[in-house]
Amino acid sequence: MKLNQVIMKKKANHVFATNRKATFLYILETKFEAGLCLEGWEVVAIRQGQINLSGSYVSIKQSEAYLIGCQITPLKTATNIKAVPDRSKKLLLTRKEINKLIGATAQKGMSIIPTKVYLKKGYVKIEIALA
């Protein structure tokens, strides 16, 4: 009985979207895990699998990282608010991680590419990589 409870508690992270094209086009080096600032309808749509990472990238503006070009398609049963499917989303990174990203993009000319979106402990996370 206890073995079944332990197995159920150790579920793997549920992956909603991957950017397969990036793994073929780029050599991915350092990977970072970041949280996403999302609205309520976006979380519901991501859990339903309505997210597309192809053509998206990360941009750093005023020492803050933003995900640009990520399409989150609103559900048909969305709320009464106006849903913008391609708005830029803020990434939640530590200052130390942002400084590493700034240094790599400025000095080495690297790009920051999102590789996958997944659920971890009830929170939507994104994995980004330097390429």
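E127 lies in strand 9, residues 123-130. Helices (H or I, at least four residues) and strands (E, at least two) are DSSP runs, numbered from the N terminus. This is a predicted model, where local features need pLDDT of at least 70, side-chain atom pairs count only at pLDDT 80 or more, and totals for chains, interfaces and linings use all residues. Residues are numbered from 1 along each chain as its sequence is written, and side-chain values use heavy atoms, with hydrogens and water left out.

Is E127 buried or exposed? E127 is buried, because its relative accessible area is 16%. Buried means under 20% relative accessible area, exposed over 50%, and partly exposed in between (1.4 Å probe, protein chains only). Leaving aside residues up to four places away in sequence, E127 touches K31, F32, I113, P114, T115, K116 and Y118. A contact means heavy atoms within 4.5 Å.

Seven strands form an open sheet in the order 1-8-9-2-7-5-4, with antiparallel pairing. Two strands pair if DSSP finds at least two bridges between them. Strand 1 and strand 4 (57-61) each have a single partner strand, so one side of each is left without a neighbour in the sheet. On average, neighbouring strands are turned by 35 degrees against each other, direction ignored. Axes are lines fitted to C-alpha atoms, for helices over the stretch in contact; angles run from 0 to 180 degrees between N-to-C directions.

Strand 8 and strand 9 run antiparallel and are joined by eight bridges. Across this pair, I113 stands opposite A129 in strand 9. Helix 4 packs on the sheet and touches strand 2, strand 4, strand 5, strand 8 and strand 9. The direction of helix 4 makes about 125 degrees with that of strand 2.

Next, the core. In soluble globular proteins, nonpolar side chains tend to be buried together. Here the largest nonpolar core has 29 residues. Such a core is a set of buried Ala, Val, Leu, Ile, Met, Phe, Trp, Tyr and Cys residues joined through side-chain atoms within 4.5 Å. I51, L91, V117, I126 and I128 have the most contacts inside the core. Strand 9 gives the most to this core, with four residues. I128 touches residues including F32, V58, L91, L101 and I113.

Finally, the whole chain. The chain has four helices and nine strands. Of its 131 residues, 34% count as buried. Among contacts between residues at least 6 apart in sequence, 66% join residues at least 24 apart.
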